[in-house]
Amino acid sequence: MSDAKYFQRGKIQELRAELNSDKRDPKHTKKKTVMKKIVANMTMGNDMSPLFPDIINVMNVPILEIKKMVYLYLINYARSKPDMAMMAIAMFIKDVEDPNPLIRALAIRTMGYIQVEKIIDCLVDPLSHCLRDQDPYVRKTAAICVAKLYMYDRGLVESERFIEKLRDLLNDPNPTVVANAVAALTEISERSEDIQLSLNFSVASKLVTALNECSEWGQTYILEALLYYVPQEPGNAEMLAERITPRLQHANSAVVLTAVKIIVYLMNYMDKEEDIANLCRKLSPPLVTLLSAGPEVQYVALRNILLIIQKRPDVLKNDMKVFFCKYNDPIYVKLAKLEIMFCLAHAGNVDQVLSELKEYAAEVDVDFVRKAVRSIGRLAVKIESGAQRCIAALIELIETKVNYVVQEAIVVIKDIFRKYPNQYESIIGTLCENLDNLDEPEAKAAMVWIIGQYADRIENADVLLDDFLYTFLEEPVEVQLALLTATVKLFIKRPTAGQELVPKVLKWATEEVDNPDLRDRGYVYWRLLSTDPAAAKAVVLSEKPQISTETDNMEPALLDELLLNVASLASIYHKSPSTFLNNYKPRYLMPSPVLRRTRPATFEPSVTSPTDHHEQEQKEAAAANRLSFNGYDMSGFQNGNPYATEVVSRPEMRQSQVTGGVDLLLDL
């Protein structure tokens, strides 16, 4: 029977009467029914707090389903009525000692959710007992409870030595308990300035062994925790990566992406190019498989793939076709695929990619078409051997006379002219035929730049610029700046053609506009032309540096950080987590004798400052004081660790497991 009938507004008096009914009910069926009504009213937003004393009495009922609903009620109202919540302490203590492990776990979990001072004080002893409980379900629940308690009172967790007790659970024979202990330790490490988790090869190896028997989310937590392991000896990273590769075949996309992240991380500590190439080949199939999932998972995978191929372009170098857009792909998936197609394009497949992009440019979605046209231009800049074919494709698109296609093509052709000066100027005539179609600032500015740059080759350049100047004062600043520079170029290259335009433009720029950049540039040009025309020519017509698509690539430091955050929001936004999270501890590639350096170091290794000496002494001291507990390297839990601000990773703690969420109470 459906529970929809319970979602009706109930009167407090009637519900109270049903709760306190003296009618014979040996199976507590009526109490179960009235509790469902109360929970339904809570869900609808109705205030059920007046029933608090009556609900406390129901805690005596030894039915698990009823207890779940009672505890759900307590979590919902205990913080707003802390005095009344005290009435439940005795029943909590009783339930923590119940023979049923599900009830024990439910009680300790609920006490962790109710962050009321007196209940927290009463939680300490039962929590210590549950961490050593004979049932693994209770132990795993207690492990997460420690993490929740740490968020409420860090001092209490440290003074009661709960962190050491969590370390004990790392040796637990049950993999689920180990996974939850790892999750709790990494969460605490992430939130603490003084506590830092550090794993040696022994612990990392044991955690990988536990993967086979964990649930899918437990595997995710353990894999995330492996980012706290920093290989110190040659071969360690390769051995660990090889043992993680079976996770790439998992059905859960979170497990797959997290395994990819760990393997990419471990590649930084590998010495042999052969091993790295072998792992890159193994990463390709699982990433391709993710693209057969729903569009949301596809998008997450595509954004992460874009990061990975910037660092490891060999990963998907032979899988271009899987990124071709399908007719029913959402626009956000199509745009993400276009970016990857461009990144994977090279001289060997440029014809294949260009043919696909030309088809996209004939689509009906304006944003997609714009992106496709721009990608053709970027392709010409990136691959010189294919530039001629790309330009021919752009000319074909311009001849379609579709307004937004023409404008986008002119914008990218400007970049092509900068990349290949004096090579493709023969198409300028075709561009000039489409001046009437330009109404977007970026396209206008690009066309004006072309006219100014090649004013000595365009016979009617003065007439074309004069047409643009009719609306100079109404144009956006971007176009005004382009017109000012183009007019000065015309005057320098062909003084007779530009002598009437220059004074007019300079007067407008210096007297009739408010933008300081435009005004300052106008004054600079005016003074250069009036005092030293030779200097003006040297400045304005100086040789421009060639543009390159490498500027589209991410900064190496940011890329390294984002690769440590694969399968998180940071890898989707392509922004450092510190830009949208408060109190975030950034992740870095930790120093190691086997760490590969893929770019020049910031400082010369032969120069050592006094600060470097001091930091090195601190690191050596930390290494000397490294604590080992049951074979697990836990030196990172010492206060004052010099690496305390250099967090490598923490797993993303699900709302329902650490910070709250009433859904857990109904999922026992």
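At 0% relative accessibility, Leu 307 counts as buried, where buried means under 20% relative accessible area, exposed over 50% and partly exposed in between, with a 1.4 Å probe and protein chains only. The model is a predicted one, in which local features need pLDDT of at least 70 and side-chain atom pairs count only at pLDDT 80 or more, while totals for chains, interfaces and linings use all residues. Residues are numbered from 1 along each chain as its sequence is written, and side-chain values use heavy atoms, with hydrogens and water left out.

**Surroundings of Leu 307**

- Leu 307 belongs to helix H18 (residues 295–311); helices (H or I, at least four residues) and strands (E, at least two) are DSSP runs, numbered from the N terminus.
- Not counting residues up to four places away in sequence, Leu 307 touches Met 554, Leu 559, Leu 562, Leu 563, Ser 571 and His 574, contact being defined as heavy atoms within 4.5 Å.
- Another partner of Leu 307, His 574, is placed in the loop between helix H33 (569–573) and helix H34 (610–624).
- His 574 has a positive phi of about 60° although it is not a glycine, and His 574 is buried, with a relative accessible area of 14%.

**Chain as a whole**

- The chain contains 35 helices and two strands.
- Of its 668 residues, 51% count as buried.
- Among contacts between residues at least 6 apart in sequence, 70% join residues at least 24 apart.

**Nonpolar core**

- In soluble globular proteins, nonpolar side chains tend to be buried together.
- The largest nonpolar core has 227 residues; such a core is a set of buried Ala, Val, Leu, Ile, Met, Phe, Trp, Tyr and Cys residues joined through side-chain atoms within 4.5 Å.
- The members touching the most other members are Ile 38, Tyr 73, Leu 74, Ile 244, Leu 379 and Phe 417.
- Helix H16 (residues 253–267) supplies the largest share of this core, with eleven residues.
- Leaving aside neighbours within four places in sequence, Ile 38 is in contact with Leu 15, Leu 19, Met 48, Leu 51, Ile 55 and Tyr 73.

- Two packed helices are described by the angle between their axes and the distance between the axes.
- Helix H7 (residues 101–113) and H8 pack at about 145°, with their axes 10 Å apart; axes are lines fitted to C-alpha atoms, for helices over the stretch in contact, and angles run from 0 to 180 degrees between N-to-C directions.
- The crossing of H7 and H8 is left-handed, a term used if the near helix is turned anticlockwise from the far one by less than a right angle, with right-handed used if clockwise.
- In this contact, Ile 108, Met 111 and Gly 112 of H7 meet Ile 119, Ile 120, Cys 122, Leu 123, Pro 126, Leu 127 and Cys 130 of H8.
- By class, the H7 contact with H8 has nine nonpolar residues, one polar and no charged; Ala, Val, Leu, Ile, Met, Phe, Trp, Tyr, Cys and Pro count as nonpolar, Asp, Glu, Lys and Arg as charged, and the others, Gly among them, as polar.
- The axes of helix H8 (residues 117–130) and helix H9 (residues 136–152) come within 10 Å and cross at roughly 145°, and H8 passes H9 in a left-handed crossing.
- Residues meeting in the H8 and H9 contact include Glu 117 and Cys 130 from H8, and Arg 139 and Cys 145 from H9.
- The contact of H8 with H9 divides into ten nonpolar, no polar and two charged residues.

**Cysteines**

- The structure holds zero disulfides, a disulfide being a pair of cysteine sulfur atoms within 2.5 Å.
- For Cys 145, the nearest cysteine sulfur is that of Cys 130, 8.2 Å away.
- Cys 145 counts as buried at 1% relative accessibility, and Cys 390 is buried at 0%.

**Serine sites and an exposed loop residue**

- Ser 49 lies in the loop between helix H2 (29–43) and helix H3 (52–58) and is buried, with a relative accessible area of 7%.
- Beyond residues up to four places away in sequence, Ser 49 touches Tyr 73, Tyr 77 and Lys 81.
- Ser 284, in helix H17 (residues 273–290), counts as buried at 8% relative accessibility.
- Asn 422, in the loop between helix H23 (403–419) and helix H24 (428–432), counts as exposed at 52% relative accessibility.
- Asn 422 has a positive phi of about 65° although it is not a glycine.
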